[in-house]
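Here's a quick walk through a metal site and some ring contacts. Have the model open as you read.

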Amino acid sequence: MATHTTPRDEVRTPPARLDIFGFEPTPARVEVIPRSRRWRVSKALTNLLLAWLAIPIVMFIPPHFPWVLAAFGIGIFRAWGYYKQRFTLVSMRGRCPKCAHELAVEKPTRLGEPHRMVCPNCHQTPVLAVDVAGLPAAA
Ligand SMILES: [Zn+2]
């Protein structure tokens with residue numbers, strides 16, 4: 001899920017590596033933003049509210065019910081995604097442990113725990129392991 005960054009966000013560069021079982025892990029350079037509980041709750045509620053506010057509008061579009069269901073579901077899906085977003089992955093650069101193909105993340109997204117990627121070259125799924133333990137928790 002894409003998300004936005006603002007100049008106030010504190011970007012951190014913790015140690016990280018790309019792992020595929022059976023191959024030597026490769027180092028990765030990452031930028032992450034720790035997200036506070038307040039930020040996550042506020043983003044979750046905003047997204048839930050916006051999607052649910054669309055329900056009285058989309059219910060007039062035939063065939064009615066699927067749109068209502070979609071707006072209801074999208075609200076919950078997006079809210080849950082923001083609520084779980086303890087860290088935003090701003091960028092990542094590394095090489096696939098199997099084929100050494102260059103892998104990159106350039107659009108901010110939620111850092112999955114674990115964060116799986118797909119190598120477009122060998123179609124393996126390296127796991128991006130970010131050492132977030134050393135990061136101070138966001139207020
Ligand atoms: Zn690969």
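## Before we start

A residue counts as buried under 20% relative accessible area, as exposed over 50%, and as partly exposed in between. Keep in mind that this is a predicted model.

## The zinc site

Which residues hold the zinc ion? Its protein donors are the SG atoms of Cys96, Cys99, Cys119 and Cys122, lying 2.3 Å from the ion. Along the sequence, the donor residues follow the spacing C-x2-C-x19-C-x2-C.

The four donor atoms subtend angles of 105 to 115 degrees around the zinc ion, so the arrangement is tetrahedral. For reference, the ideal angle for four tetrahedral donors is 109.5 degrees. Cysteine 96 is buried, at 1% relative accessible area, while cysteine 99 is partly exposed at 27%.

The model has three aromatic pairs. One of them is tryptophan 39 with tyrosine 82, edge-to-face at 5.9 Å centre to centre and 65 degrees between the planes. Tryptophan 39 sits in helix 1 (residues 37-53) and tyrosine 82 in helix 3 (residues 65-83), so this pair ties together parts 43 residues apart in sequence. Tyrosine 82 is buried, at 3% relative accessibility.

Tryptophan 52 and phenylalanine 72 are stacked, because their planes are at 5 degrees, with ring centres 5.0 Å apart. Here tryptophan 52 belongs to helix 1 and phenylalanine 72 to helix 3, 20 residues apart.

## Charges over rings

Arginine 35 puts its charged end over the ring of tryptophan 39, 4.0 Å from the centre. Arginine 40 lies over the face of tyrosine 83, at 5.2 Å from the ring centre.

Methods:
Residues are numbered from 1 along each chain as its sequence is written. This is a predicted model: local features need pLDDT of at least 70, side-chain atom pairs count only at pLDDT 80 or more; totals for chains, interfaces and linings use all residues. Side-chain values use heavy atoms; hydrogens and water are left out. Donors are N, O and S atoms within 2.8 Å of the metal (3.2 Å for Na, K and Ca); water is not among the atoms, so sites may look incomplete. Four donors count as tetrahedral if all angles lie between 85 and 135 degrees; four count as square planar and six as octahedral if opposite donors are over 155 degrees apart and all others between 65 and 115; anything else is irregular. Buried means under 20% relative accessible area, exposed over 50%, partly exposed in between (1.4 Å probe, protein chains only). Rings of Phe, Tyr and Trp (its six-membered ring) pair if their centres lie within 6.5 Å; planes under 30 degrees apart count as stacked, over 60 as edge-to-face and the rest as tilted. Helices (H or I, at least four residues) and strands (E, at least two) are DSSP runs, numbered from the N terminus. A charge sits over a ring if NZ of Lys or CZ of Arg is within 6 Å of the ring centre and within 35 degrees of the ring normal.
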